[in-house]
Amino acid sequence: MVHGEAWTIKEFFTYPNEYIYWTIQIVMYPFMTGLVAGAFVLSSLYHVFGVKQLKDIARFSLVFSFALLPVAMLPLLMHLQQPLRGIEVMMTPHFTSAIAAFGIVFSTYGMIVASELWFVYRKHFVETALSLKALPQPDAADKLRCLLFSVLTLGAWDVSHEALEADERAVKKLAAAGIPVACFLHGYAGFIFGSVKANALWMTPLMPVIFICSAVVSGIALCILTYILTMEIRKQLSLRRRLAHPEIPSMEELKSAEAHVVAMTSRYLLMFMVAAITLELLDLIFRGYTAVKSWDILRSVIYERDFVNIFVIQYGLGNLVPFFLFLIPGLTIRRATVGTVLVLLGVFMMRWNVVIGGQAFSSSFSGFMHYVLPIWPTSMETLKEGLFGALIVAIVPFCIFYVLNKVMPVFKKA
Amino acid sequence: MITRRSFCKKSLLIAGGLAVPLAALELFDPRKLLAEKDQKGPRWVFLVDTRKCVGCGFCVKGCKVENEVPYDANVTRTWVERYVVTKDGKTHIDSPKGARDGFPEKGIDIGHGKLEEIRDEEIEKAFFVPKLCNQCDNPPCVQVCPVGATYQTADGVVLVDRKWCIGCGYCIMGCPYGVRFFHPVYHVAEKCNFCYHRITKGMQTACVDSCAFGARRVGNLRDPEDPVTKVIMTERVNVLKEEYGTKPQVFYLGLSKEVK
């Protein structure tokens, strides 16, 4: 069977070789890079602009951004027909291609986040390593942990006041440098689509900007959501542990801290959401107003075939409903949870409607293609580019975050 | 012990020293030298006379066999489209299996395995249009390939390196003509290459050889005596989707406005 045939249904006239070649994994790719960029921008709001209220979530989102980073690459690899050759993008980049910049931007960004994390957690590394060294009878696990943390200090054991201040300055500089790189990382994902002149739906110079705005929205939403979830787990844990350790924060302390952080962060979420929706609507109105050759087929895709996906799920459920949920005064944790889940759904659907919607019509403008998401995998292809492949991509960052949190505790008070 | 100052100085010196021989590469660009010698090879172009095409599909068959594109796979390097324009102004188009078996059914294939029957008296005009890679002068597929696996030869033909293609599909997305697909066996991007292995040895392409009606011809645009060049230069030819700025090099005679 030809690649793409398993999930493409054709209607009316399409060119014989046309199939939905870019599937769920290419939806996941901008979604995941968007989360990376968004999480980083959120942490930079504290580090660079000194938004003090975001202090708690800043560390969290920085570590989470790092956990998401390797996963941004995963959907691309899973979608490649020759995944083992993926490294060629780094080795023989062909710079007229928008994808070729991936290796450079991605590794630059990775290095910035990694070094920023190192500066943020250096004190912790040194303290942990020293306390492990001081143990009278360390077992094998302690020795291993001691070695790990000693290596992580990279030989910089100075934790004097001056040295820590220097660290803070470095964090600030790195976070500042990271913002344009994070925006570029995601903006160029938008450029990959926006520059395809053969695709009438994708080709618009607004695409990178739209992608960046919705990326920040999704990144902040995911940070809030994960923050709420981890805080809930901590609350449960603290209930159990408080009997033995009275020094850990009480339930009420955790609750009020949580509510405060969520309320603050959701304000930034709203701001970026307004920007994202404005740009998307501008694009839609402009297309309708100019009505170039492709508008006939685009109109039937946007207003008829994909109406539910675009207007009901993306704009209605994913934008309008959470917008009001966040605007109504007295934001509760429960409402924030529902709101962020809906925002994430909205951004995911926006990616879906761009990637799949862009292939929903033939480049002959005379026919349509319908994408049927493979649910139960019957072959390697339907596993990789089906529901399960997407789920793998969605779950992996949380696993990485779990491991990272062991080394770089997100909630430890500095 | 090396000081920081001397380290910086020495690294600058080494970098500068390396830059000089590297600059020589720019001075002696082999392609530039070749161009200066004015040894121009051919520029392969294609001429399709839609008025002669009967939609038999022999070209598609011939191409599939010659270029080892699996016969039953629903992809093809070249195909034939059937256009039926009815009196109500509607255009009905189809290309079942790329017209590998011609058009055995009179009804128009509208997908889902359904046929749309059109009565003879409703038909205003009907014709066939063969399609293949346009070997664009400004090929978007070459531009977007992230690893340079697809490239344009000096004689204008765009080729794919099967050993280097990573299978990302960006070229397939970038082609406005839909000529590219994934090869079902090699799992890399695949497309018509004007039977490069044949034309460079002075032979015709497989589709040209299979066409009993002379609807397809391949020629060299840099040879003014080439009969194909003469037609392109002197007659009213047209190209497909000029608005994309790809500068297609497959020329059509008798192209109608309905052709997509």
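Strand E3 of chain B makes the largest contribution to the lining of the second largest pocket, giving three residues. The model is predicted. In this model the second largest pocket has a volume of about 660 Å³. Its lining comprises 30 residues, and those closest to the centre of the pocket are A:Ser364, A:Phe365, A:Ser366, B:Ile93 and B:Lys260. Sorted by class, the pocket lining holds 13 nonpolar, seven polar and ten charged residues.

The contact between the two chains was examined next. On the side of chain A, 44 residues are in contact with chain B, and on the side of chain B, 53 residues are in contact with chain A. The size of an interface is often expressed as the accessible area that is lost when the parts come together. For chain A and chain B the buried area is about 3800 Å², and carbon and sulfur atoms account for 58% of this area. Polar contacts across the interface of chain A and chain B number 27 residue pairs, with both residues at pLDDT 80 or more. One salt bridge is counted between chain A and chain B. This salt bridge joins the side chains of A:Lys293 and B:Glu243, with an N to O distance of 3.0 Å.

Within chain A, the elements that each give at least two residues to the side touching chain B are strand E1 (8-12), helix H3 (88-91) and helix H6 (161-194). Strand E1 of chain A gives the most, with four residues. The class composition of the side of chain A that touches chain B is 22 nonpolar, 15 polar and seven charged residues.

Rolling a probe the size of a water molecule over the atoms shows where empty space remains. The structure holds eight cavities of 30 Å³ or more. The largest cavity contains about 290 Å³ of space. It is lined by 18 residues, of which A:Leu201, A:Asp283, A:Leu284, A:Tyr315 and A:Val354 are the closest to its centre. Two or more lining residues come from each of helix H7 (207-241), helix H8 (251-290), helix H9, helix H10 (307-327) and helix H11 (333-355) of chain A. Helix H8 of chain A gives the most to this lining, with four residues. By class, the lining of the largest cavity has ten nonpolar, four polar and four charged residues.

A:Asp283, one of the residues closest to the centre of the largest cavity, also takes part in a salt bridge with A:Arg287, the side chains meeting at 3.2 Å, N to O. A:Arg287 and A:Asp283 are separated by about one helical turn because they lie four residues apart in helix H8 of chain A. Over all chains, the structure holds 25 salt bridges.

The second largest cavity contains about 210 Å³ of space. Among the 18 residues that line this cavity, those nearest its centre are A:Glu18, A:Asn199, A:Ser363, B:Ile172 and B:Met173. The lining of the second largest cavity is made up of nine nonpolar, seven polar and two charged residues.

Key: Residues numbered from 1 in each chain as written. Chains lettered and ligands numbered in written order. Predicted model: local features only at pLDDT ≥ 70, side-chain atom pairs only at ≥ 80, totals over all residues. Heavy atoms only, no water. Contact = heavy atoms within 4.5 Å. Buried area = accessible area lost by both parts, 1.4 Å probe. Salt bridge = Lys/Arg side-chain N within 4 Å of Asp/Glu carboxyl O. Polar contact = N/O pair within 3.5 Å; in protein donor to acceptor, adjacent residues only side chain to side chain. Nonpolar A, V, L, I, M, F, W, Y, C, P; charged D, E, K, R; others polar. 1 Å grid on protein atoms, 1.4 Å probe; cavity = no way out; pocket = protein on both sides within 12 Å on 5 of 7 lines; lining within 4 Å. Points joined across faces, edges and corners; volume = space filled by probe spheres on them.
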